[in-house]
Amino acid sequence: MYQERPRLSGNRLAAYNNLIKQERRILVIGDIHAPFELEGYFEFCKETYAKYNCNQVIFIGDLIDNHFSSYHSTDPNGYSGGTELEYAINDLKKWYEAFPVADVLTGNHDRIIQRKLFDSAIPKEWIKSYNEVLGTPSWNWTERIVYDNVQYVHGEGGSARTKAKNDMQSTVQGHIHTQAYTEWMVGRNFRIFSMQVGCGVDGDSYAAAYAKNFKKQAIGCGVIIGADTAINCLMKL
């Protein structure tokens, strides 16, 4: 389902109206997990945006980690909830300044606090929006969005390959930190692709300790041009 765009005014509205008249060249930014993003990932994403002459940005989800409130075991020596949120907000400032108009997919880590408030029977009217908390007033937070018949989701419940096959629709997703690929599926009357965009997580942070025995994180982002070009861009480490 298409989502309503954020309400913009002035220069930002003009910039957005100009953007949608062009061929879509979308930079897809992987899971950041602020404040535990990998050093240099922000610069890499900006360079990729410029390299491919992108004119639109989608964050694929898990912008913040919320480790302090995880459903998994948390590090007792880690940041307090207030400190982690403060650092995450500070980290996101540079992303918002670089990409003030963006779609943001809601990831499982992003929604941890909302889930716990729901479990505590707290009405949604008491809950602030992501933009209010994080200081990102013109970002468009959504569960799913579609451009040029390509769907963008965070990715719980399976891989991009599985999602694309199930929905018979080109699919871009994050969530799985150890994968970065583009795969085309071609039939007699269709051609669709699936993309895992990698991530921007610091695998050595204590917040990523749960994955210490997993494969190495695939650090990267993606570029989608129209409906026919899908490029994985991996960061040199």
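**View 1. Cys 45 is a buried residue, with a relative accessible area of 0%.** Buried here means under 20% relative accessible area, exposed means over 50%, and partly exposed lies in between (1.4 Å probe, protein chains only). The model is predicted: local features need pLDDT of at least 70, side-chain atom pairs count only at pLDDT 80 or more, and totals for chains, interfaces and linings use all residues. Residues are numbered from 1 along each chain as its sequence is written, and side-chain values use heavy atoms, with hydrogens and water left out. Cys 45 belongs to helix H2 (residues 41-51); helices (H or I, at least four residues) and strands (E, at least two) are DSSP runs, numbered from the N terminus. Apart from neighbours within four places in sequence, Cys 45 is in contact (heavy atoms within 4.5 Å) with Leu 27, Ile 29, Trp 95 and Cys 221. Between Cys 45 and Val 223 there are 178 residues in sequence and 10 Å in space, C-alpha to C-alpha.

**View 2. Strand E10 (residues 220-225) is largely enclosed by the rest of the structure, because 6 of its 6 residues are buried.** In a regular strand, side chains alternate between the two faces of the sheet. In E10, Gly 220, Gly 222 and Ile 224 are buried on one side, and Cys 221, Val 223 and Ile 225 are buried on the other.

**View 3. Strand E10 pairs with strand E1 (residues 25-29) in the antiparallel sense, over 5 bridges.** Two strands pair if DSSP finds at least two bridges between them. Ile 29 stands opposite Cys 221 of E10. Strand E11 (residues 229-234) also runs antiparallel to E10, joined to it by 6 bridges. Here the bridge partner of Cys 221 is Cys 233 in E11. The hairpin of E10 and E11 has 3 residues between the strands, and Gly 226 takes a positive phi near 60° in this hairpin.

**View 4. An open sheet of 5 strands has the order E5-E6-E7-E9-E8, with mixed pairing.** Strand E5 (144-147) and strand E8 (180-186) are the edge strands, each pairing on one side only. On average, neighbouring strands of this sheet are turned by 15° against each other, direction ignored; axes are lines fitted to C-alpha atoms, for helices over the stretch in contact, and angles run from 0 to 180 degrees between N-to-C directions. Helix H6 (residues 160-167) packs on the sheet and touches E6, E7, E8 and strand E9 (191-197). The direction of H6 makes about 150° with that of E9.
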